[in-house]
Amino acid sequence: MIKTDVVIVGAGPVGLFAVHQLGIKGLKSEVIDNLDKAGGQCIELYPDKPIYDIAGIPECTGEELTKNLLDQIKPFKTNFHFNERVQEINSEGDNWIIKTSQNKVFSSPNIIIAGGVGSFEPRKLSVKDAEKYEGKNIFYSISDKNIFRNKKISIFGGGDSALDWALELSKIAEVTLIHRREEFRGAPHTLNQIKKEGKVDIKTKFQISSISGQNNIESINIKNDDGKETEVKTDYILSFFGLIMKLGPIAEWGLNMDKKTIKVNTENFETNKKGIFAIGDICTYPGKLKLILSGFHEGALASVECFKRARPNEKYRFEFTTSSKEIQARLGVKNK
Amino acid sequence: MPKITYIDSSGEQRTIDVQKGLSVMEGAIQNKIPGIDADCGGGMACATCHVYVKEEWFNKLPKTQDGEQDMIDMAFEPKKNSRLSCQLIVSDELDGMVVTTPSKQT
Ligand SMILES: Cc1cc2nc3c(=O)[nH]c(=O)nc-3n(C[C@H](O)[C@H](O)[C@H](O)COP(=O)(O)OP(=O)(O)OC[C@H]3O[C@@H](n4cnc5c(N)ncnc54)[C@H](O)[C@@H]3O)c2cc1C
Ligand code: FES
């Protein structure tokens with residue numbers, strides 16, 4: 001069991017800055033995210049798009065903002081637990097016990113939920129029986145490409161993942177690439193390469209309509225806009241429709257919810273449960289704006305209440321980073 | 001104010017007044033119309049505001065911008081008349097428009 005002052009659910013921009021606000025107050029935090037890296041929506045949805053409304057930064061991309069936030073919290077040597085989803089929260093005295101999908105267990109007086117619109121997960125195929133074959137004949141990401149050797153593979157999607165895997169797997173397997181329209185979103189040079197090598201059967205203006213098989217998939221039917229169906233012999237389906245945000249287990253923690261958001265008290269961003277806070281896109285209150293700058297403010301206020309709970313015998317003192325020797329020591333600033 | 005009609009997948013119809021300048025997505029969210037999730041808040045990054053636009057209106061809409069078709073690729077059961085409702089800005093020309101929401105958004 002990992003003991004800490006605060007467990008932060010979500011490594012989006014708001015969770016990252018919360019690490020800073022806690023860190024300068026001398027609190028240790030552990031950060032858990034379902035993704036394989038920090039940055040949340042900024043890194044997953046718009047890494048290359050410029051943001052123009054971060055106070056004091058006229059322009060920076062989602063990726064740059066993430067990198068800067070990580071630099072800013074470096075002094076605190078925070079542990080990140082990636083590829084793990086927070087599943088369960090239970091109370092034990094004044095502490096919370098937090099369990100992840102990888103069965104890691106944390107104990108902490110405070111939980112800050114900075115979960116955005118939920119954890120990022122692959123968008124799944126919605127045809128009948130897709131769930132039954134998932135992980136067996138249907139994959140949303142690839143860990144071992146050798147299982148596809150000499151098999152019949154149907155790849156869905158129009159982005160880089162679909163194109164890259166179509167090209168790569170066509171060297172060892174029989175690949176059909178199926179996409180809803182003629183234009184592909186992925187890199188034109190990959191598509192040109194695929195066409196040049198001529199090994200991939202490209203079917204555009206088609207979508208999946210059904211799956212047939214017993215224990216394993218044997219074939220699929222795809223249909224075009226006019227409803228015309230075609231059968232494609234298939235051993236494996238690979239589907240690359242990007243990521244979707246799923247609220248997931250957060251909805252089951254007994255918190256006061258308003259649709260997909262958590263209601264908070266704006267004095268300290270506490271939820272209806274003592275010691276559980278919600279900040280960033282996932283919290284709601286009258287006038288809430290889903291902006292990064294609002295999330296930063298919310299984290300600052302939550303961190304004060306976290307301090308009071310984690311250090312019940314100490315008095316919280318408001319201090320500036322420019323003048324506090326203590327904060328500067330925590331930041332590793334060398335005083336001249 | 002222009003009127004927009006939202007029909008859900010079970011056929012239930014709701015007609016509301018939507019202020020000019022708001023998107024068809026915002027009109028739905030502000031009036032608690034079910035069937036539109038809009039997880040990314042209009043950022044054209046989630047495709048959970050996907051709607052089907054009735055033929056006669058579909059042709060009147062401004063063409064899709066860069067990126068909208070890319071997102072529609074990822075939507076649940078896209079069709080020829082699919083659009084992202086966060087990209088459809090309500091105006092007098094669209095008064096009376098009818099959109100249908102898919103049976104689910106993800
Ligand atoms: C295209 C686009 C453009 C935008 N432009 C701007 C802009 O210009 N300015 C601006 O201020 N804002 C902008 N935003 C909004 C901004 O990105 C969000 O407000 C911000 O990302 C919210 O940060 P967050 O940390 O609260 O949540 P997120 O960034 O959503 O991060 C939440 C993280 O929590 C993780 N998570 C959730 N649940 C769990 C769980 N149970 N277990 C483990 N991990 C979990 C998720 O995987 C995710 O990584 C834009 C958004 C989009 C989509
Ligand atoms: S609200 Fe996300 S794409 Fe329209």
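How many residue pairs are in polar contact across the interface of chain B and chain A (both at pLDDT 80 or more)? I looked this up and got nine, with a polar contact taken as a pair of N or O atoms within 3.5 Å; within protein, one must be able to donate a hydrogen and the other to accept it, and residues adjacent in sequence count only if both atoms are side-chain atoms.

A note on the ground rules. This is a predicted model, where local features need pLDDT of at least 70, side-chain atom pairs count only at pLDDT 80 or more, and totals for chains, interfaces and linings use all residues. Residues are numbered from 1 along each chain as its sequence is written, chains are lettered from A and ligands numbered from 1 in the order written, and side-chain values use heavy atoms, without hydrogens and water.

Next I checked charges between the chains. I found six salt bridges between chain B and chain A (a side-chain nitrogen of Lys or Arg within 4 Å of a carboxyl oxygen of Asp or Glu). One of them joins D39(B) to K260(A), with the closest N and O atoms 2.8 Å apart.

Then I turned to ligand 1, which lies between chains A and B. I see 34 residues around ligand 1, and D33(A), Q41(A), Y46(A), D53(A) and D281(A) come nearest (a heavy atom within 4 Å counts as near). An oxygen atom of ligand 1 is 2.8 Å from a side-chain N or O atom of Q41(A). For D53(A), I noted a polar side-chain atom 2.7 Å from a nitrogen atom of ligand 1.
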